[in-house]
Amino acid sequence: MGKQSLLISNNTLGVFILFAFNKIKLFCLIIISFGITTTVVATENNDSTTAIVEEVVVKEKEGIVAKVIVTDFQSVLIDAMKQGKTLSFEDRCLYFKDAILKSHDVLKSLRTIVGSKEWRKFTDEQKALLTEVFTRFIVSTYAFNFNEFSDESFKYVSEHTTKKGNVVVRSILYIPEGKRKKVTFDYALKKNSDGWRIYNIAADGVSDLATRRSEYRRILSGEDGFNALIAIINKKIDNYAK
Amino acid sequence: MYMTSHKKSDSSLFAVSFVAITLLLSGCSSKQLTEDGVEVVEVDPYEGFNRTMFDFNDGVDKYFAEPVSDAYTWVTPQFVQTGVTNFFDNLKGINVVLNDFMQGKGKQGAEDTGRFLVNSTVGLLGLFDVATEIGLEQHNEDFAQTLAVWGVSQGPYLVLPLLGPSTTRGIPGGIFDAAANPATYIGVPVQVVQMLNARASADGEINFIEEAALDRYVFTRESFLQYRDNLISDGQIEDSDALFDFEEEDEDFGDEELAQDVVDKKTEVSEEGITVVDENKEILINDEVIEQVEPVADSSDVTLDATE
């Protein structure tokens with residue numbers, strides 16, 4: 001089955017040929033061994049396998065894409081770590097910015113963090129400014145933390161479709177020299193018009209969006225919340241850049 | 001010590017302060033004030049008290065625990081630190097086994113018993129973690145988790161002096177854990193070493209919070225509570241919709257179609273400000289490494305800037 005599913009994802013036509021061929025072989029086998037079979041049975045079988053094949057094709061296509069978004073992003077992380085100090089902080093920022101924008105739905109995440117009530121109160125300029133600053137913050141966080149390599153590796157564990165049709169890709173980060181030897185990462189992906197995009201990340205069960213939500217809302221509910229939030233984030237970015 | 005969450009120190013001395021604090025808190029439970037005009041978070045009704053304790057712990061950490069732990073890290077070779085960590089982890093193993101069985105995890109209990117026996121003998125009193133090498137992985141169980149499995153509710157979030165984040169369920173949990181840990185009975189010097197080592201081990205996490213958190217108190221509270229929940233469920237992802245479900249998930253943000261607009265305007269904003277875009281172009285052109293490294297860009301419609 002492993003070989004077949006590989007073929008399915010790569011070449012639909014090839015699969016049908018393969019199945020047809022298998023069918024013929026099976027058909028002959030049945031005739032030879034039992035000598036009793038009818039064309040009716042054969043065509044029925046053929047129809048149902050076709051349906052199954054189509055279903056498998058659709059399922060695998062969706063699954064693989066969500067998984068690939070995550071594994072590609074992780075290989076960018078490992079790659080950046082391997083390049084380590086040969087890249088400056090600014091270089092790593094550029095590198096990560098591109099990788100993050102391609103794999104994350106930053107805007108969707110930010111809106112959830114802020115919450116619809118607050119978000120609707122923002123002017124377009126405020127939305128734009130916050131999105132820009134927030135993205136820069138995420139990028140800087142990666143650039144700051146993923147700067148040296150000591151044999152870390154990501155291992156894909158599983159993929160799981162939630163009741164609402166979202167996907168969670170689970171993987172484990174192994175840190176051979178760390179105090180904490182492994183961290184489980186759950187990537188929560190939602191589909192938007194561009195395809196599957198990372199919406200939330202949980203490290204050992206700590207959900208990034210949930211944590212940020214509490215923080216951002218606390219700051220936004222204070223005096224001159226919006227400007228305070230921008231100022232705090234900018235300060236954090238400056239600290240990373242130092 | 002502060003923010004060592006799962007690496008709580010187990011001194012019986014602190015068990016007494018647990019009780020004292022519970023009494024103290026039950027006294028002020030009628031106060032449901034909104035602090036600084038901010039809504040009271042349901043899980044954190046004692047935020048005022050907790051923030052005071054948080055600042056206190058922070059001070060202790062900054063002026064005492066961190067310098068001492070840094071000195072410890074500096075004078076102690078890495079292999080010794082690892083040995084010390086292994087030693088105390090192994091002593092906790094008895095408690096892990098007890099809680100395995102109390103939670104009905106028979107197989108895991110048997111494994112952890114094997115783990116404790118192997119490390120206590122072949123591992124020279126736990127200095128070496130031989131068990132992990134032979135496939136007996138370390139599990140994280142404690143009495144607060146057992147209480148959760150038994151259906152005891154979490155209760156409000158608490159920041160305890162010197163011990164850091166907890167919940168009301170964590171108080172009997174901590175007392176039981178301390179009682180079931182031989183380190184509690186060995187003597188004060190051993191406990192001091194244990195606390196030092198715990199602080200040193202948590203150094204990376206503490207620094208991460210320092211750097212990443214916009215509000216360290218809130219960040220610590222949220223990550224602590226979620227981390228504990230994850231331990232209780234042993235990291236199962238059956239309720240993975242929780243990663244997506246936030247109150248307003250289905251609510252209208254009023255600008256679903258505006259998304260592109262926002263993205264477009266971003267460019268204007270950054271151009272009006274400092275000319276960040278140009279800086280980036282320069283780096284891109286001058287630095288060949290980056291050009292090679294950069295994956296094929298197909299998201300160039302968003303021109304957010306990473307440098308300023």
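This is a predicted model: local features need pLDDT of at least 70, side-chain atom pairs count only at pLDDT 80 or more; totals for chains, interfaces and linings use all residues.

Visitor: What makes H2(B) roughly perpendicular to H9(B)?

Guide: The label covers angles of 65 to 115 degrees. The angle here is about 90°. Therefore H2(B) counts as roughly perpendicular to H9(B).

Visitor: Which residues in H2(B) and H9(B) meet?

Guide: H2(B) brings Ala65(B), Val68(B), Ser69(B), Tyr72(B) and Thr73(B). H9(B) brings Leu196(B), Arg199(B) and Ala200(B). By class, the contact of H2(B) with H9(B) has five nonpolar, two polar and one charged residues.

Visitor: Now chain A. Why are S1 and S5 of chain A said to stand at the edges?

Guide: Look at the strand order first. Five strands of chain A form an open sheet, S1-S2-S3-S4-S5, with antiparallel pairing. S1 and strand S5 (206–207) each have a single partner strand, so one side of each has no neighbour in the sheet.

Visitor: How do you know that S1(A) and S2(A) pair?

Guide: Pairing takes at least two bridges. Strand S1 (residues 153–161) and strand S2 (residues 167–174) of chain A are joined by eight bridges. So they pass the cut-off. One residue of the pairing is Ser158(A), which stands opposite Arg170(A) in S2(A). S1(A) and S2(A) form a hairpin with five residues between them. In its turn, Gly165(A) has a positive phi of about 85°.

Visitor: What about S3 and S4 of chain A: how many bridges do they have?

Guide: Strand S3 (residues 182–192) and strand S4 (residues 195–203) of chain A pair over eight bridges, in the antiparallel sense. Lys191(A) has Trp196(A) in S4(A) as its bridge partner.

Visitor: Why is Asp204(A) called partly exposed?

Guide: Buried needs 20 or more C-beta neighbours, and exposed needs 12 or fewer. Asp204(A) has 17 inside 10 Å, so it counts as partly exposed. Asp204(A) is in the loop between S4 and S5 of chain A. Its phi is positive, near 45°, in a residue other than glycine.

Visitor: And what makes Asp224(A) exposed?

Guide: The cut-off for exposed is 12 or fewer. Asp224(A) has 9 other C-beta atoms within 10 Å, so it is exposed. Asp224(A) sits in the loop between helix H8 (208–221) and helix H9 (225–241) of chain A. Asp224(A) is not a glycine, yet its phi is positive, about 50°.

Key
Residues are numbered from 1 along each chain as its sequence is written. Chains are lettered from A and ligands numbered from 1 in the order in which they are written. Helices (H or I, at least four residues) and strands (E, at least two) are DSSP runs, numbered from the N terminus. Axes are lines fitted to C-alpha atoms, for helices over the stretch in contact, and angles run from 0 to 180 degrees between N-to-C directions. Angles under 35 degrees count as roughly parallel, over 145 as roughly antiparallel, 65 to 115 as roughly perpendicular and the rest as oblique. Two residues are in contact if their C-beta atoms, placed from the backbone, lie within 7 Å. Ala, Val, Leu, Ile, Met, Phe, Trp, Tyr, Cys and Pro count as nonpolar, Asp, Glu, Lys and Arg as charged, and the others, Gly among them, as polar.
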